[in-house]
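Thank you all for coming. I would like to walk through one model this morning, and I ask you to keep the sequence and the structure in view while I talk.

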Amino acid sequence: MSQEKMMYELIGGEPVVRKICQRFYEVMDTMPEVKSLRDMHPENLRGSEEKLFMFLSGWLGGPNLFQERFGHPRLRMRHFPFKIGKSERDQWMLCMVQAFEDVGVQEPMRSDLLHSLLNLSDHMRNQPEE
(Lines give C-alpha, C1' and ligand atoms only; values in the text may rest on other atoms or scores of the structure.)
Protein backbone atom coordinates (compact mmCIF):
# COMPACT_ATOMS: atom_id res chain seq x y z
CA MET A 1 0.00 0.00 0.00
CA SER A 2 1.44 3.40 -0.97
CA GLN A 3 2.02 6.12 1.61
CA GLU A 4 -0.50 8.36 -0.20
CA LYS A 5 -3.20 5.70 -0.12
CA MET A 6 -2.48 5.13 3.54
CA MET A 7 -2.83 8.88 4.21
CA TYR A 8 -6.35 8.98 2.74
CA GLU A 9 -7.35 5.95 4.78
CA LEU A 10 -5.53 7.09 7.92
CA ILE A 11 -7.28 10.45 7.95
CA GLY A 12 -10.63 8.68 7.82
CA GLY A 13 -11.43 8.53 4.12
CA GLU A 14 -14.34 10.27 2.44
CA PRO A 15 -16.32 11.28 5.56
CA VAL A 16 -13.38 13.08 7.19
CA VAL A 17 -12.14 14.71 4.00
CA ARG A 18 -15.66 16.02 3.41
CA LYS A 19 -15.85 17.35 6.99
CA ILE A 20 -12.51 19.14 6.55
CA CYS A 21 -13.76 20.83 3.38
CA GLN A 22 -17.09 21.79 4.93
CA ARG A 23 -15.37 23.27 7.97
CA PHE A 24 -12.74 25.02 5.81
CA TYR A 25 -15.44 26.99 3.98
CA GLU A 26 -17.46 27.63 7.14
CA VAL A 27 -14.35 29.20 8.67
CA MET A 28 -13.68 31.20 5.50
CA ASP A 29 -17.27 32.40 5.46
CA THR A 30 -17.26 33.59 9.08
CA MET A 31 -13.73 34.61 10.11
CA PRO A 32 -13.13 38.37 9.62
CA GLU A 33 -9.36 37.80 9.31
CA VAL A 34 -9.87 36.06 5.96
CA LYS A 35 -12.31 38.51 4.37
CA SER A 36 -10.11 39.25 1.35
CA LEU A 37 -9.81 35.50 0.66
CA ARG A 38 -13.58 35.07 1.06
CA ASP A 39 -14.16 37.94 -1.37
CA MET A 40 -12.35 35.96 -4.11
CA HIS A 41 -15.01 33.26 -3.94
CA PRO A 42 -18.59 33.19 -5.22
CA GLU A 43 -21.39 34.08 -2.83
CA ASN A 44 -22.46 30.43 -2.70
CA LEU A 45 -19.46 28.35 -1.58
CA ARG A 46 -20.98 24.94 -2.31
CA GLY A 47 -19.24 24.49 -5.67
CA SER A 48 -15.89 25.58 -4.25
CA GLU A 49 -16.33 23.20 -1.34
CA GLU A 50 -17.12 20.29 -3.66
CA LYS A 51 -14.08 21.03 -5.86
CA LEU A 52 -11.80 21.15 -2.82
CA PHE A 53 -13.26 17.85 -1.62
CA MET A 54 -12.71 16.23 -5.01
CA PHE A 55 -9.15 17.59 -5.21
CA LEU A 56 -8.16 16.62 -1.66
CA SER A 57 -9.57 13.12 -2.13
CA GLY A 58 -7.11 12.44 -4.92
CA TRP A 59 -4.27 14.46 -3.37
CA LEU A 60 -4.49 12.32 -0.23
CA GLY A 61 -4.38 9.10 -2.24
CA GLY A 62 -8.08 8.35 -2.45
CA PRO A 63 -10.33 8.48 -5.50
CA ASN A 64 -9.16 10.94 -8.18
CA LEU A 65 -12.56 12.62 -8.32
CA PHE A 66 -11.32 16.01 -9.50
CA GLN A 67 -9.19 14.58 -12.28
CA GLU A 68 -11.99 12.27 -13.43
CA ARG A 69 -14.39 15.21 -13.74
CA PHE A 70 -12.19 18.15 -14.74
CA GLY A 71 -8.91 16.66 -15.96
CA HIS A 72 -5.49 17.46 -14.54
CA PRO A 73 -5.81 19.93 -11.64
CA ARG A 74 -3.33 22.48 -13.14
CA LEU A 75 -3.69 24.38 -9.89
CA ARG A 76 -1.51 27.37 -10.77
CA MET A 77 -3.32 27.87 -14.07
CA ARG A 78 -6.77 27.55 -12.45
CA HIS A 79 -5.81 30.07 -9.75
CA PHE A 80 -4.00 32.51 -12.02
CA PRO A 81 -7.04 34.83 -12.48
CA PHE A 82 -6.88 35.57 -8.74
CA LYS A 83 -4.26 37.76 -7.10
CA ILE A 84 -2.61 35.41 -4.63
CA GLY A 85 0.18 36.74 -2.48
CA LYS A 86 1.60 35.88 0.90
CA SER A 87 -1.48 37.30 2.67
CA GLU A 88 -3.93 35.17 0.66
CA ARG A 89 -1.77 32.08 1.14
CA ASP A 90 -1.67 32.73 4.89
CA GLN A 91 -5.44 33.28 5.04
CA TRP A 92 -6.02 30.02 3.16
CA MET A 93 -3.75 28.20 5.57
CA LEU A 94 -5.47 29.80 8.58
CA CYS A 95 -8.76 28.30 7.36
CA MET A 96 -7.15 24.92 6.75
CA VAL A 97 -5.42 24.84 10.15
CA GLN A 98 -8.71 25.69 11.85
CA ALA A 99 -10.55 23.03 9.86
CA PHE A 100 -7.96 20.39 10.80
CA GLU A 101 -8.21 21.42 14.44
CA ASP A 102 -12.01 21.42 14.50
CA VAL A 103 -12.27 18.06 12.73
CA GLY A 104 -9.65 16.58 15.07
CA VAL A 105 -6.87 15.53 12.68
CA GLN A 106 -4.20 14.07 14.99
CA GLU A 107 -0.42 14.37 15.08
CA PRO A 108 1.86 13.53 13.38
CA MET A 109 -0.43 13.36 10.36
CA ARG A 110 -1.75 16.87 11.11
CA SER A 111 1.69 18.52 10.90
CA ASP A 112 2.75 16.46 7.89
CA LEU A 113 -0.37 17.31 5.89
CA LEU A 114 -0.40 20.98 6.88
CA HIS A 115 3.26 21.29 5.89
CA SER A 116 2.47 19.76 2.48
CA LEU A 117 -0.56 22.04 2.09
CA LEU A 118 1.57 25.06 2.96
CA ASN A 119 3.98 24.11 0.18
CA LEU A 120 1.06 23.63 -2.20
CA SER A 121 -0.58 26.94 -1.26
CA ASP A 122 2.76 28.73 -1.52
CA HIS A 123 3.04 27.41 -5.07
CA MET A 124 -0.24 29.19 -5.92
CA ARG A 125 1.27 32.61 -5.18
CA ASN A 126 1.39 34.79 -8.28
CA GLN A 127 2.05 38.20 -6.74
CA PRO A 128 5.49 39.59 -5.88
CA GLU A 129 6.53 40.15 -2.27
CA GLU A 130 5.61 43.58 -0.93
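I will call a residue buried when its relative accessible area is under 20%, exposed when that value is over 50%, and partly exposed in between. Please bear in mind throughout that this is a predicted model.

Let me begin with confidence, before any detail. The chain averages a pLDDT of 93, and 95% of the residues score at least 70. Within the chain, confidence is lowest in helix α1, residues 3-11, where the mean is 79, and it is highest in helix α2, residues 13-30, where the mean reaches 98.

That brings me to α2 itself. With 18 residues, helix α2 reaches 26 Å from its first C-alpha to its last, which is close to the 26 Å expected at 1.5 Å a residue. Which residues of α2 are buried? They are Gly13, Val16, Val17, Ile20, Cys21, Phe24, Tyr25, Val27 and Met28.

Next, helix α4, which spans residues 46-59. Its 14 residues reach 20 Å from the first C-alpha to the last, again close to the 20 Å expected at 1.5 Å a residue. The buried residues of α4 are Ser48, Glu49, Leu52, Phe53, Met54, Phe55, Leu56, Ser57 and Gly58. Just after α4, the backbone at Gly61 takes a positive phi of about 100°.

Helix α8 has 15 residues and reaches 21 Å from its first C-alpha to its last, close to the 21 Å expected at 1.5 Å a residue. Buried in α8 are Met109, Arg110, Leu113, Leu114, Leu117 and Ser121. Seen down the axis of α8, those residues fall within an arc of 110°, so they line one face of the helix.

One cavity of 30 Å³ or more is counted, and the largest cavity holds about 40 Å³ of space. Its lining is made up of Ile20, Leu56, Trp59, Leu60, Phe100, Leu113 and Leu117, and the elements that give two or more residues to that lining are α4 and α8. By class, the lining of the largest cavity has seven nonpolar residues, no polar and no charged ones. Some of these names have come up already: Ile20 is among the buried residues of α2, Leu56 is among those of α4, and Leu113 and Leu117 are among those of α8.

The largest pocket, which is open, has a volume of about 710 Å³. It is lined by 24 residues, of which Tyr25, His41, Leu75, His79 and Trp92 are the closest to its centre. How does the lining of the largest pocket divide into nonpolar, polar and charged residues? The division is 16 nonpolar, four polar and four charged.

I will finish with the backbone and the loops. Most residues other than glycine have a negative phi, and most peptide bonds are trans. Against that background, I would point you to Arg74, which has a positive phi of about 40° although it is not a glycine. Arg74 is found in the loop between α5 (65-70) and α6, and it is partly exposed, with a relative accessible area of 45%. The other place to look is the bond joining Glu107 and Pro108, a cis peptide bond with omega of about 0°; Pro108 has its place in the loop between α7 and α8.

Two further residues deserve a brief mention. Phe70, in helix α5, counts as partly exposed at 30% relative accessibility, and its C-alpha is separated by 23 Å from that of Met96, 26 residues apart along the chain. Lys83 lies in the loop between α6 and α7 and counts as exposed, at 61% relative accessibility. The C-alpha atoms of Lys83 and Leu37 are separated by 9.8 Å, while the two residues are 46 residues apart along the chain.

Technical notes: Residues are numbered from 1 along each chain as its sequence is written. This is a predicted model: local features need pLDDT of at least 70, side-chain atom pairs count only at pLDDT 80 or more; totals for chains, interfaces and linings use all residues. Side-chain values use heavy atoms; hydrogens and water are left out. Helices (H or I, at least four residues) and strands (E, at least two) are DSSP runs, numbered from the N terminus. The expected span of a helix is 1.5 Å times one less than its number of residues. Buried means under 20% relative accessible area, exposed over 50%, partly exposed in between (1.4 Å probe, protein chains only). On a 1 Å grid over the protein atoms alone, a cavity is a set of points where a 1.4 Å probe fits but cannot get out, and a pocket is an open set with protein on both sides within 12 Å along at least five of seven lines; lining residues have an atom within 4 Å of a point. Grid points are joined across faces, edges and corners, and a volume is the space filled by probe spheres set on the points. Ala, Val, Leu, Ile, Met, Phe, Trp, Tyr, Cys and Pro count as nonpolar, Asp, Glu, Lys and Arg as charged, and the others, Gly among them, as polar. pLDDT is the predictor's confidence in each residue, from 0 to 100. The arc is that of the directions from the helix axis to the C-beta atoms.
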